[in-house]
Amino acid sequence: MSLLIKGGTVVNADKSQRSDVYCADGLIQAIGENLDVPLGTEVVDAGEALVIPGGIDPHTHMELPFMGTVTADDFMSGPSAGLAGGTTMIIDFVIPSPEQSLLEAWGTWMANAAKAPSDYSFHVAVTWWSDQVKEEMGVLTREHGVNSFKHFMAYKGAIMLDDEMLLNSFDRCQELGAMATVHAENGEIIYYLQKKLLAMGITGPEGHVQSRPPEVEGEAARRVITVAGAVNAPLYVVHCSCKQALDAVAEARANGQAVYGEVLAQHLVIDESTHYLTDFTQAAAHVMSPPFRSKEHRDALWGGLQAGTLQTTATDHCAFCAPQKALGKDDFSLMPNGCGGIEDRMSILWDRGVKTGMLTPNDFVRVTSQAAAEIFNVYPRKGSISVGADADITVWDPNANRTVSAKTHHSKMDFNLYEGETVTGLARATISQGKQVWDGKELRVEKGVGRYIPRPTYSKVFERVKTYGKLNAPRRVERV
Ligand code: URQ
Ligand code: ZN
Ligand code: ZN
């Protein structure tokens, strides 16, 4: 199976060049002009389009059991929707129940993901703490290629961790050479405000956003950055949604701390007013955590992405349909939290970021693919158009446009955050493992050909944490 992408401009995060790309055996074999390729090689015409590394979405939840239901997209439909949008790899989450063996949960998620049509990997959530958890984290890094562990500071009474558990787990991450990642919202304040709002009779989706003001996210971000610094653990803050979280990440990075930030496409463009829509189904469809914010916050997030304070973009694709959201029809705190978006992330970033001049095409590649590959240590196998890299490639048409709709998207969700929006920039073709799986109109995916991608520990972020952090440089005084 060999394929030649002809006539395009190869765009990596560091440079762009007009080149053809020859793929065979699932790998990029040659990049250049007038390549000599075997007879029978399939040709994909990329004339005038950009040839970019397939998108990597470092934050998705396929088949996640959560808040009394299971997300609507499974490991076949979700990644297929991603392929139609130019995303060729996801990093999903194994989320054990408290007291559940991490290894047992690992086995469940690996079985679920076996149906995937494209490559995937897993962050593993630490949802409780014990010597067993500590031991299993070691097994997961040594034997299963896990190099990132997720921690939730929200969702009290479910998967929320306290500071002591965070310290234990972050210290273990540092010891193992693994990245600690975190959902930073103060779950105690949220829980308290939820009860107060419900007691006032505020039971609709508008209660969700009022129980999670940006200060609640900012406090958790600052606290978790301090916790990570105390044990010298590199930290990745997922779905930064507000100025307060962004400022916390920026300050930590300016202090030389190994802190990284992620922003979701939807947090860059969707407004908090969606939580106050009078149509319940529409308002409920927007319930995710952290909630959507005002323009001031969105402008700050765009600035953070431009400045490199935020390194990656993701979707947190956690799809619940209207009947599932209705579980919270009388009590917003029972409404399954999550929105979709895996198919639209790259078009949104191009339309609102590159077309408006906030991001260059090279930035676009960095924030949709390369940065995630580097941080989670699969670069340059993933996140680059380079000889020897996996042939996960998107032929990106910077001028074509499409109108987004749940009627035409490939997710199983009955709703689309960007419904009716016409966006410029789309995947004219998507290549996965050297095979064209999307041609701009049809998916040609094959169930189960996706591979689990192991991620080695000690990514380059660990080059910045060789010495102890400012908070705990150990020093001993010899006294006579
Ligand atoms: O918190 C998350 O990241 C998961 C449970 C998805 N839901 C959400 O509202 N972000
Ligand atoms: Zn989260
Ligand atoms: Zn999530």
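The model is predicted, so local features need pLDDT of at least 70, side-chain atom pairs count only at pLDDT 80 or more, and totals for chains, interfaces and linings use all residues. Residues are numbered from 1 along each chain as its sequence is written, chains are lettered from A and ligands numbered from 1 in the order in which they are written, and side-chain values use heavy atoms, with hydrogens and water left out.

**View 1. The shell around ligand 1 has 13 residues.** A residue belongs here if one of its heavy atoms lies within 4 Å of the ligand. Tyr155, His183, Ser289, Asp316 and Asn337 come nearest. By class, the shell has five nonpolar, seven polar and one charged residues. Nonpolar means Ala, Val, Leu, Ile, Met, Phe, Trp, Tyr, Cys and Pro; charged means Asp, Glu, Lys and Arg; the others, Gly among them, are polar.

**View 2. Polar contacts reach ligand 1 from His59, Ser289 and Asp316.** A polar contact here is a pair of N or O atoms within 3.5 Å. A side-chain N or O atom of Asp316 lies 2.6 Å from a nitrogen atom of the ligand. Ser289 uses a backbone N or O atom, 2.7 Å from a ligand oxygen. His59 places a polar side-chain atom 3.5 Å from an oxygen atom of ligand 1. Taken alone, ligand 1 exposes 280 Å², and the protein buries 99% of that (Shrake-Rupley method, 1.4 Å probe).

**View 3. The zinc ion (ligand 3) has a tetrahedral site.** Its protein donors are His59 (NE2), His61 (NE2) and Asp316 (OD), 2.0 to 2.3 Å away. Donors are N, O and S atoms within 2.8 Å of the metal (3.2 Å for Na, K and Ca). In sequence, the donor residues are spaced H-x1-H-x254-D. Angles among the four donor atoms run from 86 to 126°. Four donors count as tetrahedral if all angles lie between 85 and 135 degrees.

**View 4. The zinc ion (ligand 2) has an irregular site.** His183 (ND1) and His239 (NE2) are its protein donors, 2.1 Å from the ion. The angles among its four donor atoms span 58 to 147°. The zinc ion (ligand 3) lies 3.7 Å from the zinc ion (ligand 2).

Conventions
Polar contact = N/O pair within 3.5 Å; in protein donor to acceptor, adjacent residues only side chain to side chain. Tetrahedral: all angles 85-135°; square planar, octahedral: opposite > 155°, others 65-115°.
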